[in-house]
Amino acid sequence: MSAKPDTAVSSKFRGKALLTAVSALLVIILLAIAVRKNPAPENSIPVQTAFPVMGTIGRVAIYAGEKELTTATDIYRREFDAVSAVFSLRDQESELFRLNSSAAEKPFPCSETMWFLLMRAKQAYEETAGAFDITVKPLMDLWGFYQQKKRTDPPSAAEIAAVLEKTGFDKLQFNEAEKTVFFTVPGMALDFGGIAKGYAADRAAQAVSAAGITAGVIDIGGNLRMLPDAPGGKEGFIVAIRDPKDRNSVLPETLTVKPAMAVSTSGNYERFIELNGKKYSHIISPATGYPAEISAVTVVAPTALDADIFSTACVAGGEKTAELLRQKYPELQIYFMR
Ligand code: ADP
Ligand code: MG
């Protein structure tokens with residue numbers, strides 16, 4: 001990511017008000033309206049569409065006409081399908097499925113796309129001191145996040161300790177010249193659930209703007225990437241946040257996000273499991289093997305890829321991880337909800 005993301009939080013959202021607001025949220029960002037000093041009636045309201053994509057909701061909101069909306073949605077679906085073909089865990093034809101089934105036997109030769117995200121995940125593992133770790137898949141399985149028939153009790157400490165042997169990014173072996181990855185421990189598996197949607201949002205946003213549609217927002221399940229222009233060249237987009245108590249309304253507090261920037265929210269709001277009456281987040285703390293206790297984190301960053309990674313990492317690693325990231329990227333905006 002670029003070292004100096006723009007800061008774009010409205011003054012209303014700063015300081016204590018921000019903390020109060022954010023800590024009160026179960027955050028899903030869903031609405032974007034351009035901030036205009038002189039609203040022009042013809043395009044001050046975006047045309048938008050929402051549709052299910054891979055267990056979540058996709059959205060396109062643009063400041064243009066219905067024809068452009070159809071074009072943008074087609075482009076979005078094309079990009080999303082291309083990313084799914086590589087990283088889907090459900091699709092047995094995906095590259096990731098093949099990688100997970102064979103990389104313990106022999107080094108797996110990666111596509112350019114797989115290699116790119118694998119190297120970004122490696123960097124993320126290093127810059128978060130291990131809080132972001134795509135090798136958590138065996139722990140996700142143990143806790144029952146992917147099973148049709150969920151378990152009823154949490155796993156025992158002994159079960160967790162045994163599965164921890166099969167996790168850890170440092171147990172992957174890379175050959176950079178050949179672009180291969182090898183699992184040094186049998187039973188290892190990768191999970192790009194905390195990174196692939198942000199990547200897809202960036203790709204879709206880039207392809208949509210390359211087609212000449214340059215004002216609006218692309219959203220993949222709470223990973224938002226703003227297109228490069230605000231209508232009329234104004235300051236940015238107001239991003240409204242869904243009210244946790246009433247799914248049909250939004251909170252009065254908003255974030256203003258500059259064009260081309262990204263916002264992502266990670267947490268246990270929509271995806272969690274319940275064992276013995278207790279809710280568990282689908283984000284795992286790789287150090288302990290237990291689900292993270294933090295409910296949600298919202299990050300504003302220069303790309304949806306970074307926002308996706310960092311929001312997941314901060315849920316997994318808490319304030320310590322946020323501090324590491326703030327030191328490296330001083331202008332990153334990170335908001336916790338407990
Ligand atoms: P979502 O948008 O689906 O809520 P997030 O971006 O919040 O996804 O990431 C959660 C997903 O990331 C989990 O479902 C899992 O696939 C993966 N994951 C869980 N724990 C970690 C971790 N510590 N590091 C990296 N990825 C993780
Ligand atoms: Mg994420």
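# Briefing: sheet, core, metal site and rings

Val-250 sits in strand 10 (residues 246–257); helices (H or I, at least four residues) and strands (E, at least two) are DSSP runs, numbered from the N terminus. At 38% relative accessibility, Val-250 counts as partly exposed, where buried means under 20% relative accessible area, exposed over 50%, and partly exposed in between (1.4 Å probe, protein chains only). Its C-alpha atom is 10.0 Å from that of Val-239, eleven residues away along the chain.

This is a predicted model, so local features need pLDDT of at least 70 and side-chain atom pairs count only at pLDDT 80 or more, while totals for chains, interfaces and linings use all residues. Residues are numbered from 1 along each chain as its sequence is written, chains are lettered from A and ligands numbered from 1 in the order in which they are written, and side-chain values use heavy atoms, with hydrogens and water left out.

**The sheet and its helices**

- Seven strands make an open sheet, in the order 2-3-7-8-11-14-15, with antiparallel pairing; two strands pair if DSSP finds at least two bridges between them.
- At the edges you'll find strand 2 (47–53) and strand 15 (333–337), each pairing on one side only.
- Going from one strand to the next, the twist averages 15°; axes are lines fitted to C-alpha atoms, for helices over the stretch in contact, and angles run from 0 to 180 degrees between N-to-C directions.
- Strand 7 (residues 216–220) and strand 8 (residues 223–226) pair over four bridges in the antiparallel sense, and Ile-220 stands opposite Asn-223 in strand 8.
- Helix 2 (residues 66–87) lies across strand 2, strand 3 (56–62) and strand 7, at about 25° to strand 2.
- Helix 8 lies across strand 8, strand 11 (262–267), strand 14 (296–301) and strand 15, at about 60° to strand 11.

**The nonpolar cores**

- The largest nonpolar core has 68 residues, and those touching the most other members include Tyr-76, Phe-87 and Leu-190. Such a core is a set of buried Ala, Val, Leu, Ile, Met, Phe, Trp, Tyr and Cys residues joined through side-chain atoms within 4.5 Å.
- Helix 8 (residues 304–328) gives the most to this core, with eleven residues.
- Another core lies apart from it, with 13 residues, among them Leu-224, Met-226, Leu-255 and Tyr-335.

**The magnesium site**

- Gly-194 (O), Asp-308 (O), Asp-308 (OD) and Thr-312 (OG1) coordinate the magnesium ion (ligand 2) at 1.9 to 2.6 Å. Donors are N, O and S atoms within 2.8 Å of the metal (3.2 Å for Na, K and Ca), and water is not among the atoms, so sites may look incomplete.
- Gly-194 is in the loop between strand 6 (180–183) and helix 7 (196–210) and Asp-308 is in helix 8, so the pair ties together parts 114 residues apart in sequence.
- Gly-194 and Asp-308 are both buried.

**Aromatic pairs**

- There are twelve aromatic pairs: rings of Phe, Tyr and Trp (its six-membered ring) pair if their centres lie within 6.5 Å, and planes under 30 degrees apart count as stacked, over 60 as edge-to-face and the rest as tilted.
- Phe-87 and Tyr-199 are edge-to-face, because their ring centres are 6.4 Å apart and their planes are at 85°.
- This pair links distant parts of the chain, with Phe-87 in helix 2 and Tyr-199 in helix 7, 112 residues apart.
- Phe-87 counts as buried at 6% relative accessibility, and Tyr-199 is buried too, at 10%.

Note on methods
Contact = heavy atoms within 4.5 Å.
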